[in-house]
Amino acid sequence: MTRDKAGNAYESCSMEHGDGPATVLAIGTANPSGAIVPNDEFADQVFRVTKSEHLTDLKEKLNRICHKTGIEKRHFHLTEEILRAHPEFLDSGIPSLDARMDIMETEVPKLAVSAAAKAITEWGRPATDITHLVFSTYSACRAPSADLQLASLLGLHHSVCRTILSLHGCYGGGRALHLAKDIAENNRGARVLVACSETTLPCFSMPDGSNLVGHALFGDGAGVMIVGAGPFTISERPMFEMVSATQRTIPGTEHALGMQVTGRGMDFHVGIQVPMLLGHNVERCLLDAFALAFGNDDHDGNNVTWNDLFWVVHPGGRPILDKIETVLKLEPDKLAASRHVLREYGNMSGASIVFVVDELRRRREEEADHDHQLPEWGAMLAFGPGITIETMVLHAPRNPKAN
Ligand SMILES: CC(C)(COP(=O)(O)OP(=O)(O)OC[C@H]1O[C@@H](n2cnc3c(N)ncnc32)[C@H](O)[C@@H]1OP(=O)(O)O)[C@@H](O)C(=O)NCCC(=O)NCCSC(=O)CC(=O)O
């Protein structure tokens, strides 16, 4: 432990490597308190607040889409009150990016603080012991950005090394964790706070023929994890070891998924072929990540089959989960944590993966109470524009309560 001139204690980290793989030490999640919208009321609400009820065909289509998403409710910062104060959000002819950014500048770090406070409490060490911060969001277009605000709000030490990942979209959480793994394993004593905070505020617009799927899928949320490699302190409780991590881009698919910042906010494009493209490519990604973890190209050779694993898959959409389940021949409960997060919160872009890990942890603890045999090995999949797939092999104690 080192102390600065003001007497604050902080863990110094060195150029030496940490012991063993980086490990998830704490998790926290949060959603904004603005509005919770049940899925079966969503289309009515969007068309009412945007004064578009005369567009009956579009409204019917949004209703059809909503019923197929597998979502039951979503949380939003954006309320009718905010919309009344900002009529420009509903007029694509008037620039509204600045007004949206003014709100996001406060709300994105604030949401991250709520999640981080839970993670830090669980971690059991002072916030000043955090050595690195990796912040991922698609809602930051200014510098200094949400990472600096989060560091200040949490009272992190001024020596903390900050990185902000912007516009990685739904694979932002996976990329941030991959980066945290590299940092933790290469800097002995490092404790990395990974924060993903997403709000749909930049994307909200009048419903039209091209944005209904975006309206139906996305929600707001923040997820935080604290990651570090050994040696661990007595208060730290290692949960999921991050054994190997890979990134793969599917060639020729850059137009399938995308986000674009415009004067009126942000446009999303979700191509209809995304579930199929992911279905064709996930197994190759998993084989690569397992080859890296076990030093060979044959996960079966290590007596691991896909159904022996626990699964953390970005809940990008119901057909994506269905496709992955089909191609990997997974038993129906294997993606239960992802389906739960999709159902309760929708697709919260990069933050979703943290919610899935948290839900999986909760389920494993519950199953351990019933003396169920839990899988020791797991796989994490996050994907987004590129199309980019982040894959991570995880390892967890068979009994999560034994630590
Ligand atoms: C939209 C859906 C709920 C519809 O469910 P189904 O496909 O089972 O139902 P369906 O085939 O009857 O389709 C219902 C209607 O939706 C339309 N439809 C389906 N997918 C569409 C898409 N990607 N873009 C535009 N329209 C789409 C169909 O044409 C149909 O229109 P009609 O009724 O007129 O015939 C689902 O396809 C879905 O969740 N898709 C999104 C999956 C996805 O790509 N997620 C990634 C999000 S991005 C992400 O996670 C990463 C990131 O952003 O970074």
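Predicted model: local features only at pLDDT ≥ 70, side-chain atom pairs only at ≥ 80, totals over all residues.
Trainee: How is the aromatic pair of Phe-42 and Phe-76 classed?

Mentor: The two ring centres lie 6.1 Å apart, with 20° between the planes. Planes under 30 degrees apart count as stacked, so the pair of Phe-42 and Phe-76 is classed as stacked.

Trainee: Which elements does this pair link?

Mentor: Phe-42 and Phe-76 are 34 residues apart, and their pair links distant parts of the chain. Both residues are buried. Phe-42 belongs to helix H1 (residues 39-49) and Phe-76 to strand E5 (residues 73-76), which gives the linked elements as H1 and E5.

Trainee: Which residue has its charged end over the ring of Phe-42?

Mentor: A charge counts as sitting over a ring if NZ of Lys or CZ of Arg is within 6 Å of the ring centre and within 35 degrees of the ring normal. Over the ring of Phe-42, the charged end lies 4.1 Å from the centre, and the residue is Arg-74.

Trainee: Which element gives the largest share of the lining of the second largest pocket?

Mentor: This pocket has a volume of about 300 Å³ and is lined by 14 residues. Strand E13 (310-313), helix H10 (336-345) and helix H11 (352-369) each give two or more residues to the lining. The largest share is 4 residues, and the element is H11.

Trainee: How many residues of that lining are charged?

Mentor: Among the residues nearest the centre of the second largest pocket are Asp-333, Lys-334 and Glu-367, and Asp, Glu, Lys and Arg count as charged. The lining as a whole has 8 nonpolar residues and no polar ones, and the charged residues number 6.

Terms used:
Residues numbered from 1 in each chain as written. Heavy atoms only, no water. 1 Å grid on protein atoms, 1.4 Å probe; cavity = no way out; pocket = protein on both sides within 12 Å on 5 of 7 lines; lining within 4 Å. Points joined across faces, edges and corners; volume = space filled by probe spheres on them. Phe/Tyr/Trp six-rings, centres within 6.5 Å; stacked < 30°, edge-to-face > 60°. Buried < 20%, exposed > 50% of the residue type's maximum accessible area, 1.4 Å probe, protein only.
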